[in-house]
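Trainee: Please pick one part of this model and go through it closely. I would like the terms spelled out as you go.

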Amino acid sequence: MPLELSFESKVFEVETLDLGGGVSEQIVRGGRDLFPLLPQAFEGISQIGVIGWGSQGPAQAMNLRDSLVGTDVKVKIGLREGSSSIALANAEGFTAENGTLGEMFAVIRESDMVLLLISDAAQSELYSEVFAAISPGATLGLSHGYLLGHLTNVGDSFPDN
């Protein structure tokens, strides 16, 4: 049975697509014309923690950083101590020296929005530590549904807060 998911936006127009066979999906179309709405969309967010630098991390972190120029929102990368990805993040301008790179759980604790972009295996192993570190009221973002499926399989769930 497909999971019914829907969302609302106070800032962007939500569009429902009919995918056929009684299946629909909601989307928000992007575009540079929407950039002026970003401060309103990220209202209350002072830091976005991008956790991981694998297949999703670089593109999402750099897109957010570049899109949010001129706002007060900081994008900070969170990686494991000693990660080989530190040099790659540094090459893109994310450094400990400029305050845009830190240890992953510290970044999770200090961020108002956390994009969890670590591998599926790492999500399975670390989700309880991630949930313990995330601040009450912070937003957790995922790029796909793996963690939801894993939590369902192990009889666990996302924190209520």
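**The second largest pocket and its surroundings**

Mentor: Sixteen residues, written 16 in the count, line the second largest pocket, and those nearest its centre are Gly 52, Trp 53, Leu 79, Arg 80 and Ile 118. This is a predicted model, in which local features need pLDDT of at least 70 and side-chain atom pairs count only at pLDDT 80 or more, while totals for chains, interfaces and linings use all residues. Residues are numbered from 1 along each chain as its sequence is written, and side-chain values use heavy atoms, with hydrogens and water left out.

A pocket is an open set of points on a 1 Å grid over the protein atoms alone where a 1.4 Å probe fits, with protein on both sides within 12 Å along at least five of seven lines; a lining residue has an atom within 4 Å of a point. The volume of the second largest pocket is about 190 Å³, counted as the space filled by probe spheres on points joined across faces, edges and corners. Its lining takes at least two residues each from β4 and α5 (120-133); helices (H or I, at least four residues) and strands (E, at least two) are DSSP runs numbered from the N terminus. By class, the lining holds 8 nonpolar, 7 polar and 1 charged residue. Here Ala, Val, Leu, Ile, Met, Phe, Trp, Tyr, Cys and Pro are nonpolar, Asp, Glu, Lys and Arg charged, and the others, Gly among them, polar.

Strand β4 also has a part in the largest nonpolar core. Of the 20 residues in that core, Phe 42, Ile 48, Val 50, Leu 64, Leu 68 and Ile 77 touch the most other members. Two or more residues each come from β3 (47-51), α2 (57-67), β4 (74-79) and β6 (113-116), and β4 gives the largest share, 3 residues. Such a core joins buried Ala, Val, Leu, Ile, Met, Phe, Trp, Tyr and Cys residues through side-chain atoms within 4.5 Å, buried being under 20% relative accessible area with a 1.4 Å probe, protein chains only.

Helix α2 leads on to the largest pocket, where it supplies the largest share of the lining, 5 residues. The lining of the largest pocket divides into 21 nonpolar, 13 polar and 6 charged residues.

Definitions and conventions. Buried means under 20% relative accessible area, exposed over 50%, partly exposed in between (1.4 Å probe, protein chains only).
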